[in-house]
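Please look through the model shown below; the report that follows describes some of its residues and one of its chains in turn.

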Amino acid sequence: MKQWLIYLKYEMKKGMALIPFFLVSALLAGGAVLLAAIIFCAVMDARQLFPKAQVAIVAGSDGTDDSSEAKGDVGLKTNLALGLVQGMESVKSICSFNYMSPLEAVEGLKDGSVDAAIYLPKGVYEDINNGTNTPVLIRLSPRNKALSEGLFAQLVADGASLIRTVETGVYSVDRTSAVYAPVSSLGNAEDQMFSLYVKCALARGNSFTEHGVSLFGSLTQLQFYEVTAILLLLLLFGIGFAVLYNEGERRAVSYMRRSGFHCVKAAAAKLLSATCVLFLLLTLITLAAGVLFPNGIAAGSGEEAAAIPELLAGAFSKLPSQLPMILLIAGTLSILIHVIYSLIPVKHAALLYLLIVIALFCLTGGLLPSPSMSRGLQTAASISPIPLWQKAIAAMLFGGGV
Amino acid sequence: MTGWKKWLCRLKVLLLSQLRSPFFYLTAVLLIALQLYLGSVSLPAASNRVIGLVNGGGRYAEAVTGALLEKESAYTWKLYPSREALEDAVISGSADSGFVLDERLDAAVDRAESADYSAGSGGVQVPDLSGCIDYYVSTSSTKGAAAKESVYACLFDAISPVLVKSAIRAGVLFEDSGDAVWQRALEEMQRVAEEDTLFSVRFEIYGEEEAPADESADAEKSNLAMIAALLLFAASLLFATAKFRESSKALAIWLRKGGWIYRILEIYAPLLLTGLFLAILLFLQGLPLTPGVLLLIPVLLAAALWTSLFARLFRKEGIYLFLSVALILIAGVLTSSAGDLFFLNSVRWLRFLLPSVWIKGCLLL
């Protein structure tokens, strides 16, 4: 036991001697890793940016006179209907409307500032009511550039389909009344039918039960990359431990084994030393994250800038609940580091460690969440420690179970 | 043998030994694996028009999914075999959003259809479709809300006869509420649907239509080239670690005057071979390789010179490796389209100092 304690002390000294290296490296690389994580997140956001179609409403025009500078009027009922349409979630998600004169609309279509223009002739609402087919003209920009433009046209086609369905029902009642007598009057029967359709159409949103899912599980995208940056930094710390497994160290362990000192004891001492170092570093990182981003990166540094002592006090108050998780992460990470260094040749130890860790990190869900990967890699991710560490760091920083 | 011939002979031996190193092949295999992986991941993107559908059985589910799959649409409707498959597709971003339609629709419509109106006026029973369609949407979905309208438009069309039938049976339309009236109304509905009296929308392209640029394909190629460029830059940084090996130091001393050239060549030789592997892989992944790719030969030499100079700044391999990873991350940001984002615009010129940008340029020539 005494022999082991002496060896442990020796390993601890060597481990602690690495801390300045880790701190310098963390300061130099930590900022870059964090910055890259935030920018990677911004790139992912940019991929999902959806340009809404700019739609011009040209009232009181059928598209034959493009030179008029006056904005027309379509009447109260059509205006009310348009107000309702603009308020719909589906419409708001892909386009925004602007009332324009015919001249403004064509100029917009030419220069690309308008993606589509809807021409609503006078009395269009009454025409629908009377059973007159007055086609509504929709002009699309010649640039055919925006994805949203196609979706806008689809949305209009779907709206027109709803109107046609209602018309079919109401007109069939109208024609059936030629053979069978309506209850009170034909107008009343048509209104009854129209009301039923409108009741159904207005309740259409209730037909859908929404199931929200996310590539990043319970985390937001920014939280995921915050976790990723910390995990990458921790894995990179393993490079520094190469000196604990160099040629001289291995020779020393070999001599000790010959003199009766079991290799398991040597491994336990190394693991304990690495765990202590990683525990200290992770505690420092957690405190720094707590001070810099008290509500996580996603929330920025908080609306009201708190004083440093208050932030420190806040970070320290959270620390006791975080310590068990920090210890778990440090312990399991030191096991991985020990296993890798014990298996690889001494000659390129640090380099090989980096290659293995980067492969493990990138291919098993560190860089991108596992659902975005192929089935084979998802299976690999399910047995990799990377997702488990991510969950543990997330639980430590943002709360919740692992 | 003259001096320079002797030197070249030694150099040849040294380069061959470098190419025989298992480390080189390990690095090459890792880079190829990363290129294959990063080039094939699917991520949510606004350009994705795929909307998933699951037909869980039933008359109305069949009618709606059939109509959606058949009709021309701005969306790409895709049928998934199960709810789980759809959920996975929405999570991974291969589908923007999705809908599950099943027998709950039939049950809701049947309830309305079989309502008992004999007891007197209790109002017309319309199908209560509340919660009958499961809608899967992710945080990155952009078209789900609009796609709901397409789904509902088809469903509305399918249940329309039931609405008319219910109103007739409830006795709110005609004095007679028998089946004959309903049959007549159904015939009239079919006739009206075939006529030209219904509301319509006329689409018109204003001016001369321009051929749409295939932006998604261009972005795909640019992404593949960017990944390959970053991996080659990472490879050159890894190959530069040779300078920390005792054997390499000894060899450089042995070569005396030409030591610095050897330093560059020991990075360049494996880098060129790795570049060849990745170029073949890129070709197989669909990136057309033009003669411009031959420019990689001098550009990779310049990259080797760059990394050799960078490695000279370090004495300890640990710090060098640590900072190399950070450098790759920064290069990733500046080489990708992220370099065009907001605050990075002011430092755009910095990207041209990075070998990854030169390599990407060659691959896209």
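Ser160(B) is buried, because its relative accessible area is 2% (buried means under 20%, exposed over 50% and partly exposed in between, with a 1.4 Å probe and protein chains only). This is a predicted model, in which local features need pLDDT of at least 70 and side-chain atom pairs count only at pLDDT 80 or more, while totals for chains, interfaces and linings use all residues. Residues are numbered from 1 along each chain as its sequence is written, chains are lettered from A and ligands numbered from 1 in the order in which they are written, and side-chain values use heavy atoms, with hydrogens and water left out.

Leaving aside neighbours within four places in sequence, Ser160(B) is in contact (heavy atoms within 4.5 Å) with Thr165(A), Tyr197(A) and Met189(B).

| Residue | Helix of chain B | Relative accessible area |
|---|---|---|
| Ser160(B) | helix 6 (residues 144–170) | 2% |
| Ile280(B) | helix 10 (residues 259–284) | 46% |

Aromatic rings are another feature: Phe233(B), Phe244(B), Trp306(B), Phe310(B), Phe314(B) and Tyr320(B) are linked into a cluster by ring pairs (rings of Phe, Tyr and Trp, the last by its six-membered ring, pair if their centres lie within 6.5 Å), and the structure holds 25 aromatic pairs over all chains.

As for chain A, 50% of its 402 residues count as buried, and among its contacts between residues at least 6 apart in sequence, 78% join residues at least 24 apart.

Key:
Helices (H or I, at least four residues) and strands (E, at least two) are DSSP runs, numbered from the N terminus. Rings of Phe, Tyr and Trp (its six-membered ring) pair if their centres lie within 6.5 Å; planes under 30 degrees apart count as stacked, over 60 as edge-to-face and the rest as tilted.
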